[in-house]
Amino acid sequence: MTKLSAIPSILPSTTQEKVANSKVLVVGAGGIGCEVLKNLALSGFQDIEIIDLDTIDVSNLNRQFLFRKEHVGKPKAVVARESILSYNPDINIKAYHDSVTSQDYGVNFFKRFNIILNALDNRAARSHVNRMCLAANVPLIESGTSGYSGQVELIKKGETQCYECTLKLPQKTFPGCTIRNTPSEPVHCIVWAKHLFNQLFGEDDPDQDVSPDTEDPEAKAENEHSSTESGNIKRLSTRQWSQDIDYEPAQLFTKFFHDDIKYLLTMENLWKTRKAPVPLSWEQAASHRGDAEAENNVQAIDMRIWSLSKCASVFSDTVSQLKTELKGKSFLVWDKDDKPAMDFVTAAANIRSYIFSIEQKSRFATKSIAGNIIPAIATANAMIAGLVVLHAFRVLAEEIEKCPTIFLRPKSRHSKFILAADKDLVKPNPNCYVCRANPTVHVFLNVNTMLVKEFESEVLKSYLNMVAPDVVLAGKDSIVISSEEGETEINNDKKLSEIGIVDGSILKVDDFLQNYELTITITQYEKSKPEDPSFKVVGNPEEMKAKESTNGKENGQKEAEKEESDDDLMIVDEDDNVKSDDPQEGSSSKKRKLNPVEDDICLIDV
Amino acid sequence: MGETQLSAVEAELYDRQIRLWGIESQQKLRAANVLLIGIRGLGSEIAKNILLSGINSLTILDDGVVTEEELLKNFLLSRSSVGKKIAEEVMVKAQALNPLVKIVSDTEAVGKKDMDFFEKFTIVIATGIKTDLLLKIDKACHSKNVKFICGDVFGTFGYSISDFQEHKYIEEQIQLKGKKRDHKGEEKQTVKVENTINYPELKKVVILPNSKQSIEGIKKKKRRNVLFFVMLTLIEFRNRHNRNPSITTKNEDLKSLQEIKSEIFQVYDIDPAKVNDDIFDLIFGEVVPACAAVGGVIAQEVIKAVSQKEVPIHNVFLFDPITYNGTEECVGA
């Protein structure tokens, strides 16, 4: 008697064998990961490994169908495995509750698999797995969704473009003076409110000052004296002062919403073309007549815009709660799902919006913006995960030319396509700073101000997505950054120029874990405006123009994406209307085309 | 708390989708009573997606019995299910997907139902049934303003056909407020636009050889997606053989498919060379990942039909088993 098999009978027998004998790694057990695992299990795959560092949250349950309410708080990878086994106990499935970027998973780990299926939600991990698969020369199927949209893409070394062949736009960033002095959109006030949270309760970050910025070039014309005051009107740190007054809400309120605003009004140049803010006293706010707060259901609290008096009372209540939470800790970490932290930001952002005559936002809408939430639905994940496994069959059959990128788009009245497949594979970008041979980039930065540790954390790790870089200054053969502990820590607080890095210096960077070597040419660059990025990374500057004309369309229209979201990945399609330019997304195809080189870094976390 | 108010539990559970389609859509979903005919490979995918979306009730109608083969393709079943009624066996795992939805299992044959059975639903989804019955159910739904959608997966080919009658829906468009300012201050506003689509009855869409319906409406459109005629061929195969093509009888089924294809292509005056016969090698069995893709599309159309939001497919959806393109084809309107 022949045993029935779940492997699709339409596949050629050689492919059926490969499916039965292949070893698959699924990276991520979230929205797409759950669907992919189910499809693999029901398609006769026998040997599956799953890695995810996350634990289950209630808001996952509307789509991550291998999890249930009783699983909340448990590791996704472990529960996903159990759930698949409860369906089919014969499958060999191994779970890792861990980060895929951990040093435990080197190139040899990846080499054990016939195919890797990415189901990730952030760019850093995607870049890392991309490099690991290039280094191990294992085919990778990359996928993502954002709301009604999604994408499936095969990455195969030398044959297709890699995840990093196209420029990924950074998160939207706002100049410090817009946040501190001249907000004009709700998001500016929300960013300010998050900074205020961090100033009062969070980890110290000088880039998150909330007080008026007297260095604002717009204001400066008439305020010549300000340059001596280093941009802050109070010398005492906000944190110290708050502790001195024991977080007395009325006093905090008065400083941030009355005194600071009054000070801003003295910077008259700012208000010549803008509506001036109106200082708000604690008494005015508390006694402000708003709509009655009779209803106490979810929609009233979450969906309605709070009255000013409600904002003031929430501000006061949450300050007291957070003060208590802070006791015995050195700082709090802001979390959108922490009620007092989220309430505080909603209240503070809306009070500031009121002062600046900016549209106010509900707690629900504020949470989307403050928490960078990308909406996610089961149907889009199901479609994309289905296509991932259909592509996996063809990859195993070594028919990779039949695996062009497929886009899921929301149905529009102007297009017949819901699922749109490219005609051909997209060839590797010959200038890619990751997958080409001997890759190089130019980094523009100020060698006289940037510290070695900033170069490591912001340029190499955060921007270039390295995990454990070693850096050698060419010519001098001196090791400036080492991934070994204790070797180069003494350099950390030195400026780049102090260790011999100057305009024209060449750095050889090697990430051993990613098997990735990169040559960086340093060009001295100074900000001309405060809102300029502190550094820029470009490929070969001369090649940029050529690339744009030959390759610009393919690379330009593809995607823009945001970090720290659910199943994220946003496709911006050329003929799409303004709809795809989600304010959260911070990028549009048009912007990208106009600005292909301006792949700037963001220092302000929205 | 009123019936239409979402509870805190629901708001938390459905947070990520409410952020996409809004609270009004969620409330409409919450009031929807859905009938799903057929809970096999494709049906189980549709059931999963719409249960997760948070409808009020789901009635699962299927008189079939679980086979070993079905067990391999359906994640709502367990090993102990073999030999038992499928509509009952899926209950435990279906309910676990969303404890807030009322699920009803109905093991009667769909052909035995009175036509007024279908009236009580907001939408009827039909998979795996023959055309004569399909047209009857659609007629009953159409006359009572019950939304209707049907679909199938054959191998890696899939389709759906919607009949949402006179369907009004809201589309959110983002428009720029006035002139563009500098790049920082591009102000946008969301505008809700209402549109209407008039769906044709199914009998004007699924017109097979020997039908009394006129095919002129379908024929007159040039550059029709030929997969539409592949769909008709597969539907007609099921009508004639009372089953789907099976890999165990592959050769004779391929022969029958080619015969039906040439009849249909002749009726519609289509060059048979436009469809390579190799395509029929891909239509055996219900390939699970194809069910996932097509089941995702159908469930999304159900959500659009119920919430009356976003542009729905008008009216046929075709999933290409070779390119994996998924496209709309407007037929019979």
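This is a predicted model: local features need pLDDT of at least 70, side-chain atom pairs count only at pLDDT 80 or more; totals for chains, interfaces and linings use all residues.

1. A:Asn372 is a buried residue, because 20 other C-beta atoms lie within 10 Å and the threshold for burial is 20 or more. The residue belongs to the loop between α15 (363-370) and α16 of chain A.

2. A:Asn515 sits in the loop between β12 and β13 (516-524) of chain A. Is A:Asn515 buried or partly exposed? With 15 other C-beta atoms within 10 Å, A:Asn515 is partly exposed, since that class covers the counts between 12 and 20.

3. A further backbone feature occurs in chain B. The peptide bond that joins B:His314 and B:Asn315 is cis, with omega about 0°. B:Asn315 is located in the loop between α11 and β9 (316-319) of chain B.

4. Of the contacts in chain A with a separation of 6 or more, 69% are between residues 24 or more positions apart.

5. Chain A is assigned three stretches of domain: domain 1 (13-170 + 376-421), domain 2 (176-370) and domain 3 (438-539). For domain 1 and domain 3 of chain A, the C-alpha centres are 33 Å apart. Contact between these two domains involves 10 residues of domain 1 of chain A and 7 residues of domain 3 of chain A. Helix α5 (residues 123-136) of chain A contributes 6 residues, the largest share of the domain 1 side. By class, that side of domain 1 has 4 nonpolar, 5 polar and 1 charged residues.

6. What is the strand order of the open sheet of 6 strands in chain A? The order is β11-β10-β12-β13-β9-β14, and the pairing is mixed. At the edges are β11 (478-481) and β14 (535-538) of chain A, each of which pairs on one side only. Ignoring direction, neighbouring strands are turned by 30° against each other on average.

7. Within that sheet, strand β10 (residues 469-473) and strand β12 (residues 506-511) of chain A are antiparallel partners over 5 bridges. In this pairing A:Pro469 stands opposite A:Asp511 of β12(A). Helix α17 (residues 452-463) of chain A packs on the sheet and touches β9 (440-445), β10, β11, β12 and β14 of chain A. The direction of helix α17 of chain A makes about 75° with that of β11(A).

8. The contact between the chains takes 62 residues from chain B and 54 residues from chain A. Several elements of chain B each supply at least two residues to its side, including α2 (15-30), α3 (41-53), β7 (166-176) and β10 (326-329). The largest share of the chain B side, 10 residues, comes from α11(B). That side consists of 31 nonpolar, 18 polar and 13 charged residues.

9. Strand pairing also crosses between the chains. Strand β8 (residues 417-421) of chain A is joined to β10(B) by 2 bridges, and the two run antiparallel. Here A:Phe417 stands opposite B:Thr327 in β10(B).

10. Finally, the nonpolar cores deserve attention. Which residues touch the most other members of the largest nonpolar core? Among its 208 residues, these are A:Leu117 and B:Ile125. Helix α16 (residues 378-396) of chain A gives the most to this core, with 14 residues. Setting aside neighbours within four places in sequence, B:Ile125 is in contact with B:Val34, B:Leu35, B:Leu36, B:Ile37, B:Ile46, B:Ile149, B:Ile298 and B:Val302. A second, separate core has 42 residues, among them A:Leu322, A:Trp334, A:Ala341 and A:Ala349. In soluble globular proteins, nonpolar side chains tend to be buried together.

Terms used
Residues are numbered from 1 along each chain as its sequence is written. Chains are lettered from A and ligands numbered from 1 in the order in which they are written. Domain bounds come from an automatic or database domain assignment. Helices (H or I, at least four residues) and strands (E, at least two) are DSSP runs, numbered from the N terminus. Ala, Val, Leu, Ile, Met, Phe, Trp, Tyr, Cys and Pro count as nonpolar, Asp, Glu, Lys and Arg as charged, and the others, Gly among them, as polar. Two strands pair if DSSP finds at least two bridges between them. Axes are lines fitted to C-alpha atoms, for helices over the stretch in contact, and angles run from 0 to 180 degrees between N-to-C directions. A nonpolar core is a set of buried Ala, Val, Leu, Ile, Met, Phe, Trp, Tyr and Cys residues joined through C-beta atoms within 7 Å.
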